[in-house]
Amino acid sequence: MITQPGRFFGAVVFFCLSTVFALAGEPIRLTRDGDFKQHLQWSPDGKKFLFTRIHGGKMALWTMNADGSDLKRLLAQDTPHFDGHWSPDSKKIVFVLDILQGTDGKLQINTINADGTDHKTLLPHKAFDESPRWSPDGKQIAWVSTRDGNQEIYVVDAEGKNLKRLTSEVAADNNPSWSPDGKQLAFCSARAGNLEIYTMKSDGTGLRRLTNNPALDYWPAWSPDGKRIAFTSNRDGNYEIYVMNADGSEPRNLTRDPAQDNYAAWSPDGGRLAFISNRTGGYDVYVMNVK
């Protein structure tokens, strides 16, 4: 069940309660269905969320309004589709489609309009292709592929041309996240023996390690002003949302809850973070203020 204040009075009450909780620093719970969710993304225009949801045994992309209302499945087909990302104008979505041929899935990168129309193949299946992310100017898409034998980060034009490999590492590289100015990519890598957060220039040069902890650090998300990076870590014993300066300094735990908190997504104004948590038993979307 999704929070959907239908009448004017209900909407006012919901708004007031949300404001009180936000001011108090407590996360606001937006969904109440408890279905497994991951890969949360906030649309650049601030109006909607996009995430992977397993509902009725089917893995699919779903959208909903930023207040938790109007939960909709993006594609009607049963073929698994997941890990979507908005174009800079919020009009399109790039995502992973699993063709499901044989015993192993066949992953490819597709695009679709945000209203569910004009479904197209961007990168036909060649290997395990995942984690597609639109560049801030809309001209490129970064994604992860095993087409050269191991998990590396690549970029391609928004039309699917001029493919370029950015990383060359035996260990797995994943979760690319563009800086707001498009000059850098943050990502996680196991090249140090465990998952850590790194940055590199958008051409693959200038590698820099930001985290150094024996725990797992992953799912980096750059703040809209480019000054901070949110990420997930279990360095305090369970999965929490952390934020650090863009140079890796001053990491701090934002959620501090015994449940699993994951998949941070910044609001376009940079004042809030949405995330997925199982703190009430199921997996739901929450939003909290960030200072």
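1. The side chains of Arg53 and Asp33 meet in a salt bridge, with N to O at 3.5 Å. Arg53 lies in strand β3 (residues 48-55) and Asp33 in the loop between β1 (28-29) and β2 (37-42), so this pair ties together parts that are 20 residues apart in sequence. The model is a predicted one, and the distances below should be read as computed from it. Arg53, at 4% relative accessibility, counts as buried because the cut-off for that term is under 20%. Asp33 has a relative accessible area of 21% and is therefore partly exposed.

2. A second salt bridge joins Asp284 and Lys37, whose closest N and O atoms are 3.6 Å apart. Asp284 belongs to strand β24 (residues 284-289) and Lys37 to strand β2, so the contact ties together parts that are 247 residues apart in sequence. Both Asp284 and Lys37 are buried.

3. The two pairs above belong to one network of salt bridges, which links Arg29, Asp33, Asp35, Lys37, Arg53 and Asp284. Over the whole structure, the search finds 17 salt bridges.

4. Another salt bridge is formed by the side chains of Arg165 and Glu152, at 3.0 Å from N to O. Arg165 sits in strand β13 (residues 164-165) and Glu152 in strand β12 (residues 152-157), so the parts tied together are 13 residues apart in sequence.

5. Strands of a sheet pair through backbone hydrogen bonds.

6. The stretch from β22 to β24 holds two hairpins. Strand β22 (residues 261-266) pairs with β23 in the antiparallel sense over four bridges, and Trp266 stands opposite Leu273 in β23. Five residues lie between β22 and β23 in their hairpin, and Gly270 in the turn has a positive phi of about 75°.

7. On its other pairing, β23 is joined to β24 by six bridges, and these strands also run antiparallel. Leu273 stands opposite Met288 in β24. The hairpin of β23 and β24 has six residues between the strands; Gly281 in the turn has a positive phi of about 105°. Strand β23 (residues 272-277) is mostly covered, with five of its six residues buried. β24 is also the strand that holds Asp284, the partner of Lys37 in point 2.

8. What is the volume of the largest pocket? The value is about 650 Å³. Its lining consists of 30 residues, and the closest to the pocket centre are Gln41, Trp42, His85, Trp178 and Trp222. At least two lining residues come from each of β2, β6, β10 (129-134), β14 (173-178), β18 (217-222) and β22. By type, the lining divides into 19 nonpolar residues, 10 polar and one charged.

9. Two backbone angles deserve a check against the structure. Most residues other than glycine have a negative phi. Asp118, although not a glycine, has a positive phi of about 55°. The residue lies in the loop between β8 (107-113) and β9, and at 39% relative accessibility Asp118 counts as partly exposed.

10. The other case is Tyr263, again not a glycine, with a positive phi of about 60°. Where is Tyr263 placed? Tyr263 is in strand β22, and at 13% relative accessibility Tyr263 counts as buried.

Technical notes. Residues are numbered from 1 along each chain as its sequence is written. This is a predicted model: local features need pLDDT of at least 70, side-chain atom pairs count only at pLDDT 80 or more; totals for chains, interfaces and linings use all residues. Side-chain values use heavy atoms; hydrogens and water are left out. A salt bridge is a side-chain nitrogen of Lys or Arg within 4 Å of a carboxyl oxygen of Asp or Glu. Buried means under 20% relative accessible area, exposed over 50%, partly exposed in between (1.4 Å probe, protein chains only). Two strands pair if DSSP finds at least two bridges between them. On a 1 Å grid over the protein atoms alone, a cavity is a set of points where a 1.4 Å probe fits but cannot get out, and a pocket is an open set with protein on both sides within 12 Å along at least five of seven lines; lining residues have an atom within 4 Å of a point. Grid points are joined across faces, edges and corners, and a volume is the space filled by probe spheres set on the points. Ala, Val, Leu, Ile, Met, Phe, Trp, Tyr, Cys and Pro count as nonpolar, Asp, Glu, Lys and Arg as charged, and the others, Gly among them, as polar.
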